[in-house]
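Reader: I am new to this structure and would like to know what stands behind the terms used for it. Please show it to me, and then I will ask.

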Amino acid sequence: MNRSPRIADRQGSLSDRVAAEIGRRIVSGLYPPGETLPTEPRVQEEFGVSRTAVREAIRLLSAKGLTVSRPKIGTRVRPRSEWNMLDPDVLKWQIDQKPSDEFIYALFEMREIIEPAAAARAAERRTEEELERLTAAVDDITRRPRASAEQIKADLEFHMTILEASHNPMLRSVGAMIESALLFSFSIGWRVAMDDGSILQHRAVYEAIRDRNSEEAYLMMRRLLRNAKGDVFDALWQSRIGAEAEPEEARPG
(Lines give C-alpha, C1' and ligand atoms only; values in the text may rest on other atoms or scores of the structure.)
Protein backbone atom coordinates (compact mmCIF):
# COMPACT_ATOMS: atom_id res chain seq x y z
CA MET A 1 0.00 0.00 0.00
CA ASN A 2 1.42 3.37 -0.98
CA ARG A 3 1.31 5.77 1.95
CA SER A 4 2.98 9.11 2.51
CA PRO A 5 6.03 8.55 4.70
CA ARG A 6 5.88 9.75 8.27
CA ILE A 7 8.30 12.48 9.22
CA ALA A 8 9.91 9.97 11.59
CA ASP A 9 10.34 7.45 8.77
CA ARG A 10 12.22 9.79 6.44
CA GLN A 11 15.95 10.29 6.70
CA GLY A 12 15.11 13.52 8.46
CA SER A 13 15.84 16.96 7.17
CA LEU A 14 16.31 19.74 9.70
CA SER A 15 12.79 20.98 9.01
CA ASP A 16 11.39 17.48 9.62
CA ARG A 17 13.06 17.30 13.02
CA VAL A 18 11.87 20.76 14.02
CA ALA A 19 8.31 19.96 12.90
CA ALA A 20 8.33 16.67 14.82
CA GLU A 21 9.45 18.29 18.08
CA ILE A 22 7.00 21.20 17.85
CA GLY A 23 4.25 18.77 16.82
CA ARG A 24 4.87 16.68 19.94
CA ARG A 25 4.71 19.80 22.09
CA ILE A 26 1.39 20.76 20.53
CA VAL A 27 -0.33 17.41 20.99
CA SER A 28 1.04 17.11 24.55
CA GLY A 29 -0.55 20.45 25.47
CA LEU A 30 2.72 22.26 26.06
CA TYR A 31 1.56 24.59 23.29
CA PRO A 32 -2.23 24.53 23.79
CA PRO A 33 -4.82 25.56 21.19
CA GLY A 34 -4.87 29.30 20.68
CA GLU A 35 -1.31 29.83 21.88
CA THR A 36 1.17 31.61 19.66
CA LEU A 37 4.28 29.59 18.91
CA PRO A 38 7.73 31.02 19.63
CA THR A 39 8.98 33.43 16.99
CA GLU A 40 11.11 32.28 14.09
CA PRO A 41 14.32 33.71 15.62
CA ARG A 42 13.67 31.86 18.89
CA VAL A 43 13.05 28.57 17.09
CA GLN A 44 16.17 29.13 14.99
CA GLU A 45 18.21 29.66 18.13
CA GLU A 46 16.76 26.67 20.00
CA PHE A 47 17.27 24.18 17.18
CA GLY A 48 20.28 25.75 15.51
CA VAL A 49 18.64 25.84 12.09
CA SER A 50 18.06 28.38 9.35
CA ARG A 51 14.97 30.50 8.87
CA THR A 52 14.18 28.44 5.78
CA ALA A 53 14.12 25.24 7.86
CA VAL A 54 11.84 26.85 10.46
CA ARG A 55 9.41 28.07 7.82
CA GLU A 56 9.32 24.65 6.17
CA ALA A 57 8.63 23.05 9.56
CA ILE A 58 5.72 25.42 10.16
CA ARG A 59 4.42 24.67 6.68
CA LEU A 60 4.44 20.95 7.50
CA LEU A 61 2.55 21.53 10.75
CA SER A 62 0.03 23.74 8.98
CA ALA A 63 -0.59 21.01 6.39
CA LYS A 64 -1.45 18.67 9.26
CA GLY A 65 -4.01 21.14 10.59
CA LEU A 66 -2.05 21.89 13.77
CA THR A 67 -1.16 25.52 13.16
CA VAL A 68 -2.23 28.61 11.26
CA SER A 69 -0.02 31.59 10.43
CA ARG A 70 -1.20 35.18 10.13
CA PRO A 71 0.79 38.30 9.20
CA LYS A 72 1.71 40.45 12.23
CA ILE A 73 0.15 37.85 14.55
CA GLY A 74 2.43 34.88 14.15
CA THR A 75 1.72 31.17 14.14
CA ARG A 76 -0.99 29.91 16.46
CA VAL A 77 -2.07 26.42 17.45
CA ARG A 78 -5.41 25.56 15.90
CA PRO A 79 -8.31 24.06 17.88
CA ARG A 80 -8.01 20.32 18.37
CA SER A 81 -11.19 19.81 16.35
CA GLU A 82 -9.34 21.12 13.28
CA TRP A 83 -6.34 18.79 13.53
CA ASN A 84 -5.94 16.14 10.85
CA MET A 85 -6.38 13.19 13.19
CA LEU A 86 -5.74 10.67 10.40
CA ASP A 87 -2.33 12.10 9.60
CA PRO A 88 0.23 9.41 10.54
CA ASP A 89 2.48 11.85 12.38
CA VAL A 90 -0.36 13.43 14.36
CA LEU A 91 -1.54 9.96 15.35
CA LYS A 92 1.93 8.85 16.38
CA TRP A 93 2.61 11.99 18.41
CA GLN A 94 -0.65 11.54 20.30
CA ILE A 95 0.01 7.87 20.98
CA ASP A 96 3.53 8.70 22.18
CA GLN A 97 1.99 11.04 24.78
CA LYS A 98 0.00 8.32 26.61
CA PRO A 99 -3.37 9.11 25.02
CA SER A 100 -6.58 9.42 26.97
CA ASP A 101 -9.20 6.70 27.14
CA GLU A 102 -11.42 8.90 24.97
CA PHE A 103 -8.76 9.01 22.25
CA ILE A 104 -8.24 5.24 22.37
CA TYR A 105 -11.98 4.61 22.24
CA ALA A 106 -12.35 6.95 19.25
CA LEU A 107 -9.50 5.18 17.46
CA PHE A 108 -11.14 1.79 17.87
CA GLU A 109 -14.57 3.16 17.04
CA MET A 110 -13.16 4.41 13.75
CA ARG A 111 -11.72 0.97 13.08
CA GLU A 112 -15.10 -0.63 13.84
CA ILE A 113 -16.72 1.66 11.28
CA ILE A 114 -14.12 1.09 8.56
CA GLU A 115 -12.60 -2.38 8.77
CA PRO A 116 -15.73 -4.57 8.71
CA ALA A 117 -16.84 -2.79 5.53
CA ALA A 118 -13.36 -3.24 4.08
CA ALA A 119 -13.45 -6.96 4.91
CA ALA A 120 -16.83 -7.31 3.19
CA ARG A 121 -15.57 -5.58 0.06
CA ALA A 122 -12.38 -7.66 0.16
CA ALA A 123 -14.48 -10.83 0.17
CA GLU A 124 -16.14 -9.66 -3.03
CA ARG A 125 -13.14 -8.16 -4.81
CA ARG A 126 -9.93 -9.80 -3.59
CA THR A 127 -7.54 -11.20 -6.16
CA GLU A 128 -5.77 -14.53 -5.92
CA GLU A 129 -2.51 -12.71 -5.21
CA GLU A 130 -4.12 -10.83 -2.33
CA LEU A 131 -5.58 -14.07 -1.00
CA GLU A 132 -2.11 -15.62 -1.05
CA ARG A 133 -0.80 -12.70 1.00
CA LEU A 134 -3.65 -13.08 3.49
CA THR A 135 -2.96 -16.80 3.72
CA ALA A 136 0.70 -16.18 4.50
CA ALA A 137 -0.18 -13.48 7.04
CA VAL A 138 -2.73 -15.54 8.97
CA ASP A 139 -0.39 -18.55 8.96
CA ASP A 140 2.38 -16.39 10.42
CA ILE A 141 0.01 -14.96 13.04
CA THR A 142 -0.77 -18.53 14.07
CA ARG A 143 2.72 -20.02 14.17
CA ARG A 144 5.04 -17.17 15.09
CA PRO A 145 6.01 -16.70 18.76
CA ARG A 146 3.73 -14.43 20.74
CA ALA A 147 4.83 -10.80 20.86
CA SER A 148 7.59 -11.46 18.34
CA ALA A 149 8.46 -8.95 15.65
CA GLU A 150 7.42 -11.55 13.08
CA GLN A 151 3.93 -11.93 14.55
CA ILE A 152 3.45 -8.17 14.80
CA LYS A 153 4.54 -7.79 11.18
CA ALA A 154 2.12 -10.53 10.13
CA ASP A 155 -0.81 -8.87 11.90
CA LEU A 156 -0.05 -5.54 10.25
CA GLU A 157 0.19 -7.27 6.88
CA PHE A 158 -3.16 -9.00 7.50
CA HIS A 159 -5.06 -5.78 8.14
CA MET A 160 -3.26 -3.74 5.49
CA THR A 161 -3.90 -6.41 2.83
CA ILE A 162 -7.61 -6.42 3.63
CA LEU A 163 -7.74 -2.67 3.05
CA GLU A 164 -5.92 -3.12 -0.26
CA ALA A 165 -8.17 -6.01 -1.27
CA SER A 166 -11.24 -3.79 -0.85
CA HIS A 167 -10.06 -2.03 -4.03
CA ASN A 168 -11.53 1.19 -2.67
CA PRO A 169 -8.98 4.02 -2.69
CA MET A 170 -10.84 5.84 0.10
CA LEU A 171 -10.60 2.83 2.39
CA ARG A 172 -6.98 2.23 1.47
CA SER A 173 -6.08 5.81 2.38
CA VAL A 174 -6.83 5.18 6.06
CA GLY A 175 -4.11 2.55 6.29
CA ALA A 176 -1.90 4.78 8.45
CA MET A 177 -4.66 5.13 11.03
CA ILE A 178 -5.19 1.36 11.18
CA GLU A 179 -1.45 0.79 11.45
CA SER A 180 -1.14 3.30 14.31
CA ALA A 181 -4.01 1.67 16.19
CA LEU A 182 -2.40 -1.75 15.84
CA LEU A 183 1.02 -0.55 16.93
CA PHE A 184 -0.56 1.11 19.96
CA SER A 185 -2.27 -2.17 20.86
CA PHE A 186 1.07 -3.96 20.63
CA SER A 187 2.80 -1.36 22.80
CA ILE A 188 0.45 -1.74 25.77
CA GLY A 189 -0.34 -5.41 25.91
CA TRP A 190 0.37 -7.67 22.98
CA ARG A 191 0.25 -10.84 25.08
CA VAL A 192 -3.20 -9.91 26.32
CA ALA A 193 -4.51 -8.79 22.93
CA MET A 194 -3.26 -11.73 20.83
CA ASP A 195 -4.48 -14.80 22.69
CA ASP A 196 -5.70 -18.04 21.12
CA GLY A 197 -9.20 -16.63 20.72
CA SER A 198 -7.90 -13.63 18.81
CA ILE A 199 -5.88 -15.87 16.51
CA LEU A 200 -9.00 -17.92 15.75
CA GLN A 201 -10.94 -14.73 15.04
CA HIS A 202 -8.29 -13.61 12.54
CA ARG A 203 -8.61 -16.97 10.83
CA ALA A 204 -12.42 -16.65 10.75
CA VAL A 205 -12.09 -13.32 8.93
CA TYR A 206 -9.62 -14.88 6.52
CA GLU A 207 -11.86 -17.86 5.79
CA ALA A 208 -14.84 -15.62 5.06
CA ILE A 209 -12.76 -13.57 2.61
CA ARG A 210 -11.37 -16.75 1.06
CA ASP A 211 -14.91 -18.10 0.59
CA ARG A 212 -16.14 -14.76 -0.79
CA ASN A 213 -18.72 -14.53 1.98
CA SER A 214 -19.01 -10.77 2.43
CA GLU A 215 -21.64 -10.87 5.18
CA GLU A 216 -19.60 -13.29 7.27
CA ALA A 217 -16.42 -11.28 6.67
CA TYR A 218 -18.18 -8.17 7.96
CA LEU A 219 -19.47 -9.90 11.09
CA MET A 220 -16.20 -11.68 11.90
CA MET A 221 -14.14 -8.51 11.54
CA ARG A 222 -16.57 -6.61 13.74
CA ARG A 223 -16.29 -9.31 16.40
CA LEU A 224 -12.50 -9.32 16.16
CA LEU A 225 -12.28 -5.55 16.64
CA ARG A 226 -14.73 -5.41 19.53
CA ASN A 227 -12.82 -8.10 21.36
CA ALA A 228 -9.51 -6.37 20.59
CA LYS A 229 -10.85 -3.12 22.04
CA GLY A 230 -11.90 -4.92 25.20
CA ASP A 231 -8.48 -6.57 25.47
CA VAL A 232 -6.69 -3.24 25.10
CA PHE A 233 -8.76 -1.58 27.82
CA ASP A 234 -8.25 -4.61 30.06
CA ALA A 235 -4.49 -4.29 29.55
CA LEU A 236 -4.63 -0.58 30.35
CA TRP A 237 -6.66 -1.24 33.49
CA GLN A 238 -4.25 -3.93 34.66
CA SER A 239 -1.24 -1.68 34.05
CA ARG A 240 -2.85 1.12 36.06
CA ILE A 241 -3.71 -1.21 38.93
CA GLY A 242 -0.13 -2.44 38.91
CA ALA A 243 1.22 1.11 38.97
CA GLU A 244 -1.00 2.03 41.92
CA ALA A 245 0.09 -1.07 43.83
CA GLU A 246 3.80 -0.42 43.24
CA PRO A 247 5.56 0.60 46.47
CA GLU A 248 6.44 4.27 46.61
CA GLU A 249 10.15 3.59 47.09
CA ALA A 250 10.23 1.33 44.03
CA ARG A 251 8.95 4.01 41.69
CA PRO A 252 11.49 5.88 39.60
CA GLY A 253 12.20 9.38 40.79
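Author: In this predicted model, the largest nonpolar core has 44 residues, and F158, I162, V205 and I209 touch the most other members.

Reader: What makes these 44 residues a nonpolar core?

Author: A core of this kind takes buried residues, under 20% relative accessible area, joined through side-chain atoms within 4.5 Å. The 44 residues are therefore counted as one such set. Among the elements giving two or more residues to this core are α4 (88–96), α5, α6 and α7, and α5 gives the most, with 9 residues.

Reader: With which residues is I209 in contact, leaving aside its neighbours within four places in sequence?

Author: I209 is in contact with A119, A122, A123, R126, L134, I162 and A217. A second, separate core of 21 residues includes V27, V43, V49 and V54.

Reader: How do you know that the length of helix α6 agrees with its number of residues?

Author: At 1.5 Å a residue, the 16 residues of α6 (128–143) should span 22 Å. The end C-alpha atoms of α6 are 22 Å apart, so the two values agree. The buried residues of α6, including L131, L134 and I141, pack against α5 (101–125), α7 (149–165) and α10 (196–210).

How values were computed. Residues numbered from 1 in each chain as written. Predicted model: local features only at pLDDT ≥ 70, side-chain atom pairs only at ≥ 80, totals over all residues. Heavy atoms only, no water. Helix = DSSP H or I, 4+ residues; strand = E, 2+ residues; numbered from the N terminus. Expected span 1.5 Å × (residues − 1). Buried < 20%, exposed > 50% of the residue type's maximum accessible area, 1.4 Å probe, protein only. Contact = heavy atoms within 4.5 Å.
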